[in-house]
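Please look through the structure below and follow the explanation with it open beside you.

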Amino acid sequence: MNNQSNFAQQHPAWVQELEAAFGESNQAAFGTAIFYDPTNLDEPDLEQLAQKWYQYFCGGTWEKFGPGNWLGEWKLVADSTENILDELANLEDSSSGRSASTMLEGHEDPAASKQALTKAFDDPAMTERRIYRIGDGGAMSGILIAGRRDGGESVFLTFLLD
């Protein structure tokens with residue numbers, strides 16, 4: 001994966017707002033991070049691209065605990081472009097619902113995080129959005145929100161806690 005594009009350019013304002021609220025790209029495998037992919041024509045499938053950024057986020061722990069552990073929890077829990085805050089509040093998967101609530105309500109500035117999510121994921125240019133359950137099959141659990149806009153611009157928000 002070429003992650004240079006994620007760091008080497010100026011991101012659009014809506015991505016910068018997400019990064020300000022949730023953090024920039026990292027390989028901490030903990031907390032929140034935003035990954036922006038301006039265009040990825042090599043990977044047209046949003047789920048496969050989301051898994052690549054998820055692996056990048058997990059860094060060295062991906063191999064340490066094994067891809068089977070990290071992908072064992074992978075599950076699509078929402079697939080629509082309805083209001084993102086309503087969608088997060090109404091996830092039927094209980095683990096994902098707890099993660100979404102913790103991500104939003106446990107944030108140091110819940111209003112700013114909700115505003116950034118709404119601006120990014122409720123924009124009419126967002127043509128595809130999915131929410132996945134993630135975790136290591138043990139103590140770590142969370143969600144990954146993947147979105148794609150017209151023209152292939154994609155963004156991924158990872159949230160993972162123990």
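At 0% relative accessibility, Tyr 132 counts as buried, a word that here stands for under 20% relative accessible area, with over 50% called exposed and values in between partly exposed (1.4 Å probe, protein chains only). This is a predicted model, in which local features need pLDDT of at least 70 and side-chain atom pairs count only at pLDDT 80 or more, whereas totals for chains, interfaces and linings use all residues. Residues are numbered from 1 along each chain as its sequence is written, and side-chain values use heavy atoms, leaving out hydrogens and water.

Trp 74, at 12% relative accessibility, also counts as buried. The structure holds 11 aromatic pairs, where rings of Phe, Tyr and Trp (its six-membered ring) pair if their centres lie within 6.5 Å, and planes under 30 degrees apart count as stacked, over 60 as edge-to-face and the rest as tilted. The rings of Trp 74 and Tyr 132 have centres 4.3 Å apart and planes at 20 degrees, so this pair is stacked. For Tyr 54 and Trp 62 the centres are 5.4 Å apart and the planes at 85 degrees, so that pair is edge-to-face, and both of these residues are buried. Together with Phe 65 and Trp 70, the residues Tyr 54, Trp 62, Trp 74 and Tyr 132 form one aromatic cluster.

A further ring to find is that of Trp 14, since Arg 149 lies over its face at 3.7 Å from the ring centre; a charge sits over a ring if NZ of Lys or CZ of Arg is within 6 Å of the ring centre and within 35 degrees of the ring normal.
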